[in-house]
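User: Please take a close look at one part of this model, the end of the sheet and the loop beside it. Then set that part in its wider context.

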Amino acid sequence: MNLEIIRCAICNIPLSVPVRERQNREGLCHEMGCDYIEPGVYVVADECFATHADGHLVINLKDAINTKHHWDRRRLSGCCGIGGMDGPNTLCLNDHEIGAEYSDCWMPHGLAFDPNCAVLETLNENSEQEIKS
Ligand SMILES: [Zn+2]
């Protein structure tokens, strides 16, 4: 599997370190307060992850780069962390809404990118072809 990075669909800034698609759902954590997914991979969320996140690309919060919390504090409500229940709460550095952080104590934690706002880009495709030929 090729490495991929997630970019902002509007300004193209990278939003994740290089990640690979997770090959299955075994070992994804559905417990409260744990990381939903380990660093280095992403998964397309199903209804088990969080409300409003169906079909979103979920990564470990540690793999996010060039992101910041929403300027609207109402989007950041939660108990110990951020509940992600109030709409997109995460922006790229250029203020485009790209998805939602889920980091409250009563849910598995992760960062979910809205597929309409963030795009996957495959890395190293050209360089690998050069090596083979
Ligand atoms: Zn952007």
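Analyst: Start with a strand pair. In this predicted model, strands β5 and β6 (residues 90-92) run antiparallel and are joined by three bridges. Within that pair, K68 faces L91 of β6.

The loop between β5 and β6 holds R75. Is R75 buried or exposed? The cut-off for buried is 20 or more other C-beta atoms within 10 Å. R75 has 21 C-beta neighbours inside 10 Å, so R75 counts as buried. Set aside the neighbours within four places in sequence, and R75 is in contact with H70, D86, G87, P88 and N89. S16 is 59 residues away from R75 in sequence. In space, the C-alpha atoms of R75 and S16 are 21 Å apart.

Now the sheet itself. Seven strands make up an open sheet, ordered β2-β3-β4-β8-β7-β6-β5, with mixed pairing. Its edge strands are β2 (20-21) and β5 (67-69), and each of them pairs on one side only. For β5, the partner is β6, as described above.

In the strand order, β8 sits between β4 and β7. Strand β4 (residues 57-59) pairs with β8 in the antiparallel sense, over three bridges. There, L111 in β8 is the bridge partner of I59. Strand β7 (residues 97-102) also pairs with β8 in the antiparallel sense, over four bridges. On that side, A112 in β8 stands opposite A100.

What covers the two faces of β8 can be read from its residues. In a regular strand, side chains alternate between the two faces of the sheet. In β8 (residues 110-113), G110 and A112 lie on one side, while L111 and F113 lie on the other. All four are buried, and both faces of the strand are covered.

Finally, the whole chain. Along the sequence, the pattern is β-β-β-β-β-β-β-β-β-α. The C-alpha trace spans about 55 × 35 × 20 Å along its principal axes. Of the 133 residues, 36% are buried. Among contacts with a separation of 6 or more, 49% join residues 24 or more positions apart.

Conventions. Residues numbered from 1 in each chain as written. Predicted model: local features only at pLDDT ≥ 70, side-chain atom pairs only at ≥ 80, totals over all residues. Buried ≥ 20, exposed ≤ 12 C-beta atoms within 10 Å, placed from the backbone. Pairing = 2+ DSSP bridges. Contact = placed C-beta atoms within 7 Å.
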